[in-house]
Amino acid sequence: MIFPTLIDDSRLDSYLIALKSLTEKKTVEWVFPKNIRISPAGMAILCCLVEAAKEKEVLIHFIIRGRRKTDALHFLNHLNSHVLSHKGVVSPSLYDYESENSLLIGRPSGLDLGFMEKMEPKFQLSDDLDFDCRLILQELMQNSIDHSGGERYFMYAGLWEKEIHCGVLDMGVSIPAKLRQKYDQPDDIQLLLLALKEGSTTRRERTGGLGLSHFRDVLRRNKGKLTVASGWAQIRFYFQTRNAQKSTLKYRLPGSWCFARIPWGGP
């Protein structure tokens, strides 16, 4: 597979094609063009793809066209040397990566509040923006535990084209699959919309359902952008323009990918 020159959260179907190919072959080649750029969200996406390949025991060969030292090539070399060099599923912490403008961690299921302690000094966020980013990530980690049931997740944050990007991705049970156990809806799009409403929950022992609702509300307040993809559905909200896109994915995503973008004017 030849990856696009920009790997980010804007075109997910191409990555799901790569994911589907892992069920058809035992060896795959991933080609990265010489002018490749990888956003903070793109780094987490690649981690999910590599993780899925390792779980399916598919051998991946990276073919990296570029030679000039860039952040993207440095990250690809990091995956190659720290993750792909090991056989089988590896400790999620081996994916951990930090550059001047990005933070990425892999963790087993559970809250990791230490990640958020690094964000404010690294990105020089205002108190309000630091609080909102912390809230977003905490709610998304909780969502990964409650809705998706994933055994591990990838969390990222970074500065990208005058925005602060952050999110949590997992390859566990999808949000629609989990909600379908309790709610009757016609398709995965409606189930995702339901997950974004306050009060929707799959928790049995305690009250809940505020996680993705808070995620949405924080981004609305900041006039940011929200993307949630899970199962057969993806939903995008552009709160600056008050537009929304709801669509069916070409291939099923066996997990939940939640992305946030917030305008950032610098320190």
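Visitor: At what angle do helix H2 and helix H3 pack, and how far apart are their axes?

Guide: This is a predicted model, in which local features need pLDDT of at least 70, side-chain atom pairs count only at pLDDT 80 or more, and totals for chains, interfaces and linings use all residues. Residues are numbered from 1 along each chain as its sequence is written, and side-chain values use heavy atoms, with hydrogens and water left out. Helix H2 (residues 40-55) and helix H3 (residues 71-84) pack at an angle of about 25°, and their axes are 12 Å apart.

Visitor: Why is H2 called roughly parallel to H3?

Guide: Angles under 35 degrees count as roughly parallel. The angle here is about 25°, and that makes H2 roughly parallel to H3.

Visitor: Which residues of H2 and H3 meet?

Guide: Contact means heavy atoms within 4.5 Å. From H2, Met 43, Leu 46, Cys 47, Val 50 and Lys 54 meet Phe 75, Leu 76, Leu 79, Val 83 and Leu 84 of H3. These residues divide into nine nonpolar, no polar and one charged; Val, Leu, Met, Phe and Cys are among the types that count as nonpolar, and Lys is among those that count as charged.

Visitor: Why is Asp 112 called buried?

Guide: Buried means under 20% relative accessible area, exposed over 50%, and partly exposed in between (1.4 Å probe, protein chains only). Asp 112 has a relative accessible area of 17%, and is therefore buried. This residue is found in the loop between strand E6 (102-108) and helix H4 (114-123).

Visitor: What makes a polar contact with the side chain of Asp 112?

Guide: The side chain of Arg 107 does, at 2.7 Å. The criterion is a pair of N or O atoms within 3.5 Å; within protein, one must be able to donate a hydrogen and the other to accept it, and residues adjacent in sequence count only if both atoms are side-chain atoms. A polar atom of the Asp 112 side chain also lies 3.2 Å from the backbone nitrogen of Phe 115.

Visitor: Why is Ile 17 called partly exposed?

Guide: Its relative accessible area is 43%, so Ile 17 is partly exposed. Ile 17 lies in helix H1 (residues 13-21).

Visitor: How many residues of helix H7 are buried?

Guide: Seven of the eight residues of H7 (residues 188-195) are buried, and the helix is mostly covered. Among them are Asp 188, Ile 189 and Leu 191.

Terms used
Axes are lines fitted to C-alpha atoms, for helices over the stretch in contact, and angles run from 0 to 180 degrees between N-to-C directions. Helices (H or I, at least four residues) and strands (E, at least two) are DSSP runs, numbered from the N terminus. Angles under 35 degrees count as roughly parallel, over 145 as roughly antiparallel, 65 to 115 as roughly perpendicular and the rest as oblique.
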